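Please open the structure in your viewer and keep the selection tool at hand. The tour below moves from one selection to the next and says what is found at each stop.

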Amino acid sequence: MISLFIEEVIQYGFFQKALLTGVAVGIVCGVIGCFIVLRGLALMGDAISHAILPGVAISYMLGINFFVGAAIVGLLAALGIGFINRNSIVKNDAAIGIVFSLFFAVGVLLIAKAKTAIDLTQILFGNVLTVSDTDRTMTLIIGGLVLLLVYVFYKELVLTSFDPVMAEASGMKVGIIHYLLMLMLTLVTVVSLQTVGVILVVSLLITPASTAYLLTHRMSTMIFLSAAIGAISAIVGLFFSFSFNLSSGPSIVVVATAIFILAFIFAPRRGLIAKYL
Amino acid sequence: MFKVNDLSVTYNNKVRALKNANAELPLGKIYGIIGPNGAGKSTFIKGVLNLVKHTGSVTVEDTPIKKMQCNISYVAQRSDLDLTFPISVLQCVVLGTVPTLGLFRRPGKKEYKVAEQALRKVGMLDFKNNQIGELSGGQFQRVLIARALAQQSTLVFLDEPFVGIDVHSEEIIIKVIRDLRKEGVTIFVIHHDLSKVHEYFDGLILINKTILAFGEVDEVFTEENLTSAYGSNIIVKVGEKS
């Protein structure tokens, strides 16, 4: 079966495209996911991914690439959440819930009203087999850009994740770093849209990162591990997706979670077994 | 001179945690910040460091503190940090060099050397490859002090550094702080154990919702001042301890 899979990948262009896109998404999600997990922003990841829906709809209506609309709307949502946080006593998770539900609702309404050719199910759950050449190229470019940003701002990201108060006291622009991360999160969500869909992006963000978190206590190792787990989840998930004619997004998510469960039980020192031995 | 002019901090637009605090203190000394629980000691530091919304101003040699903030080390109370964070002791201390490094530079050989020296000073070099969660409270506090050293700042603010740590760690931290003073660094320490005040500090800032008194220890640590900050019971306690 595996040789058949490899044969098909070699034979059919769209398989290669899907695989390349899936692996790129797995890697980028894995990297950004580390910072999301360490900062306790899992809910924020979920929120931003849902919130980009109206951006996608508006982009289709205007006939522009959906990356642009989604990125703008995602950032707006992050800013909106921050604004509510700073200017009222509403708790952070409630602010996140209020904003992303609204954005998601508006997105659903827009898609229904506009009668565009967008298939809602495809946006919600992804379908990596329909990835076009342009989308694949965009995914690679944006993924590369996000990785470059992480590389350039690595020390700032680590310090503000670990000890934001000390960073701010020493004059660092903690707020700007936060919104930079939100921008990257939005971009990553957008590129993941076709592979896993908006509903399940959060899984690719937090599951490989959490798995890596259980396996190491070095930041750099965690990032590489997380990226590798993301990529492997994509490959194995797509293999099942092709072989058994399953949706790509959910398949990838199930594989990523299976790896997490293995780490959860067997991880040296931090696993379930190590804990009770 | 370290000058505080009319510093006020108001939380949630209602509760005034600190009102019209004023002080003027020479640099290069170790100052204790004392006052009863909930008096606004941490709030005072956060106001000074622009970590909370405030009115009034703080200047160091007539420069607004905001313009020299990369020269400031701040060690908050330990409990605020995530001890499971995937970072080693050495990497944690290297982070102290980040605020002054500039945008596109990464910590290199020089920064790691500075960090190792700082770790040696606090007696934690043997632990440099440990994950931070593997340390005792006192050991971790020493690592945070090492991180502050690695910053090579001219102003250091410590919030309750001696709470819940062992005597050995406390002695080391006091020694490190005194060495810093020799280099001309000004150190502010929030402290609640009044019995050590004479031993540890050159000067005091006495706080209860505002700065009640500031200056040399003997000037501030008077029966009259302490009564106004703590109420009349405190004098008995001070007498018993010293």
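Begin by showing chain B and chain A together: across their interface, 12 residue pairs are in polar contact, both residues at pLDDT 80 or more, where a polar contact is a pair of N or O atoms within 3.5 Å, one able to donate a hydrogen and the other to accept it within protein, and residues adjacent in sequence count only if both atoms are side-chain atoms. This is a predicted model, in which local features need pLDDT of at least 70 and side-chain atom pairs count only at pLDDT 80 or more, while totals for chains, interfaces and linings use all residues. Residues are numbered from 1 along each chain as its sequence is written, chains are lettered from A and ligands numbered from 1 in the order in which they are written, and side-chain values use heavy atoms, with hydrogens and water left out.

Next, select R147(B) and D163(A), which form a salt bridge with their closest N and O atoms 2.7 Å apart; the term stands for a side-chain nitrogen of Lys or Arg within 4 Å of a carboxyl oxygen of Asp or Glu. Across this interface the rule finds one salt bridge.

Now widen the selection to the whole contact (heavy atoms within 4.5 Å), to which chain B brings 34 residues and chain A 27 residues. The area buried between the two chains, meaning the accessible area (1.4 Å probe) that they lose on being put together, summed over both, is about 2,600 Å², and carbon and sulfur atoms give 64% of that. On the chain B side, pick out F85(B), P86(B) and R106(B), which lose the most area to chain A and together make up 25% of what that side buries.

Leaving aside residues up to four places away in sequence, N50(B) touches E168(A), I65(B), K66(B) and Q69(B). The C-alpha atoms of N50(B) and K66(B) are separated by 7.3 Å, although these residues are 16 apart along the chain.

Finally, turn to chain A and select helix α4, where I58(A) has its place.

Key
Helices (H or I, at least four residues) and strands (E, at least two) are DSSP runs, numbered from the N terminus.
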